Amino acid sequence: MKKFLKITGILLLVVLVGLTCVAFYVKNKKPDVGPPETLTIEKTAERVAHGKYLANSVTVCMDCHSQRDFSIYAGPIVEGTFAAGGEKFGKEIGFPGTVYSRNISPYGIGDWTDGELFRAITTGVTKDGNSIFPIMPYLDYGKLDKEDIMSIIAYIRTLPSVTSTIPTRELEFPLNFLINTIPKTANFTKKPNPSNSVDYGKYIVTAAACMTCHSKEEKGNLVPGTEFGGGRKFVQPGGVANSANLTPDNETGIGSWNKELFIKRFKMYTDSTYKPAHLNQGELNTPMPWLMYATMTEGDLGAMYDYLRTVKSIKNKVIKFQKN
């Protein structure tokens, strides 16, 4: 019996040491996506203008890298915080820890090379080789056209410098270990010609990371078979906001919508008669950055609609807001 207990104890010790070594390796291993490219991106007027459109209307980089006022419907950007970062994503809204968006004005990334920025946006690896929290959809951005990413960088380089101090993130176990396994090498594509509305729409939908928000998720991973079917929960004090079903199901999705209605749903926020609604204490808000997506061109919004009409129809009735 003593011999058995001794052997069992040795085996448990070996397993414990092995698990400790694996944990140490994962925790300290830098993501292996390769070194940053040597890039010098020319800031032509055309490229900067295109990057501005993408960063503010499609990929909506500025939405997360600024602070939002969620006392107003759709959370408009707080004046003076544009590109300064500091938007908090914490436990109170269901995050496994606390994460703050980075300052992407020259104050925050002025010492980054173009290649380091390019790698960060498309693979999720920072200048110093650490992993970016995947609330930034770099796995989607890594599927885009290189030229679009370079245009975004060209635009970011023109932003005025805004001073801000960003707190260090704090992640819970086991994500604080596993985060280094998330970044992936980019798999770039060529942007389709807008004349091919469905393929071009798919590209814009990818750039806008629509599937990420409009699918169910468990423990940070998309649930297979729920793509675009809505129902992802966005926790906030007082309840939950659920993402809409974007599939062509007639009853629970957008199957009964025509293109004009789809475009109008976005463009209503750019109408001169639109007045932002101030919410009462305890009212739930949408995390959807309507005010930025609303500035997309009607052509791009129409292409998104054309693509979404082709995705698998899912019957999933979504209740927009659920109070605790």
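Q: Against which helices do the buried residues of α2 pack?
A: In this predicted model, helix α2 covers residues 45-58 and reaches 19 Å from its first C-alpha to its last, close to the 20 Å expected at 1.5 Å a residue. Its buried residues include Arg47, Val48, Tyr53 and Leu54. The helices that these buried residues pack against are α3 (61-64), α7 (146-156), α9 (197-207), α12 (290-293) and α13 (298-308).

Q: Which residue just after α2 takes a positive phi, and of about how many degrees?
A: Helix α2 has 14 residues and runs over positions 45-58. Just after α2, a positive phi of about 40 degrees is taken by Val60.

Q: How many of the residues of α7 are buried?
A: The buried residues of α7 include Asp148, Ile149 and Met150, as well as Tyr155 and Ile156. Their cover includes α2, α3, α4 (106-109), α5, α6 (138-141) and α9. Helix α7 is thus mostly covered, and the buried count is nine of its eleven residues.

Q: Which helix gives the most to the lining of the second largest pocket?
A: About 270 Å³ of space lies in this second largest pocket, and of the 16 residues that line it, the closest to its centre are Lys143, Lys202, Tyr203, Thr206 and Tyr307. At least two residues of the lining come from each of α9 and α10 (210-213). With five residues, the helix that gives the most to the lining is α9.

Q: How many residues in the lining of the second largest pocket are nonpolar, polar and charged?
A: The lining residues closest to the centre of the second largest pocket include Lys143 and Lys202, along with Tyr203. Lys counts as charged and Tyr as nonpolar in this classification. For the lining of the second largest pocket, the classes come to nine nonpolar, two polar and five charged residues.

Q: Why does the aromatic pair of Phe118 and Phe188 tie together parts of the chain, and how many residues apart in sequence are they?
A: The model has ten aromatic pairs, and one of them is the tilted pair of Phe118 and Phe188, with 5.4 Å centre to centre and 40 degrees between the planes. Phe118 lies in helix α5 (residues 114-123), whereas Phe188 lies in the loop between α8 (175-178) and α9, so the parts that the pair ties together are apart in sequence by 70 residues.

Q: Is Phe188 buried or partly exposed?
A: Its partner in the tilted pair, Phe118, is buried, with a relative accessible area of 4%. Buried means under 20% relative accessible area, and Phe188, at 26% relative accessibility, therefore counts as partly exposed.

Q: Are the rings of Tyr269 and Trp290 stacked or edge-to-face?
A: Tyr269 lies in the loop between α11 (259-267) and α12, and Trp290 in helix α12, so their pair ties together parts that are 21 residues apart in sequence. The ring centres are 5.4 Å apart and the planes stand at 25 degrees, so the pair is stacked.

Q: How far apart in space are Thr168 and Tyr100, C-alpha to C-alpha?
A: Thr168 is found in the loop between α7 and β3 (170-171), and at 68% relative accessibility this residue counts as exposed. Thr168 and Tyr100 are 68 residues apart in sequence, while their C-alpha to C-alpha separation in space is 7.5 Å.

Terms used
Residues are numbered from 1 along each chain as its sequence is written. This is a predicted model: local features need pLDDT of at least 70, side-chain atom pairs count only at pLDDT 80 or more; totals for chains, interfaces and linings use all residues. Side-chain values use heavy atoms; hydrogens and water are left out. Helices (H or I, at least four residues) and strands (E, at least two) are DSSP runs, numbered from the N terminus. The expected span of a helix is 1.5 Å times one less than its number of residues. Buried means under 20% relative accessible area, exposed over 50%, partly exposed in between (1.4 Å probe, protein chains only). Contact means heavy atoms within 4.5 Å. On a 1 Å grid over the protein atoms alone, a cavity is a set of points where a 1.4 Å probe fits but cannot get out, and a pocket is an open set with protein on both sides within 12 Å along at least five of seven lines; lining residues have an atom within 4 Å of a point. Grid points are joined across faces, edges and corners, and a volume is the space filled by probe spheres set on the points. Rings of Phe, Tyr and Trp (its six-membered ring) pair if their centres lie within 6.5 Å; planes under 30 degrees apart count as stacked, over 60 as edge-to-face and the rest as tilted.
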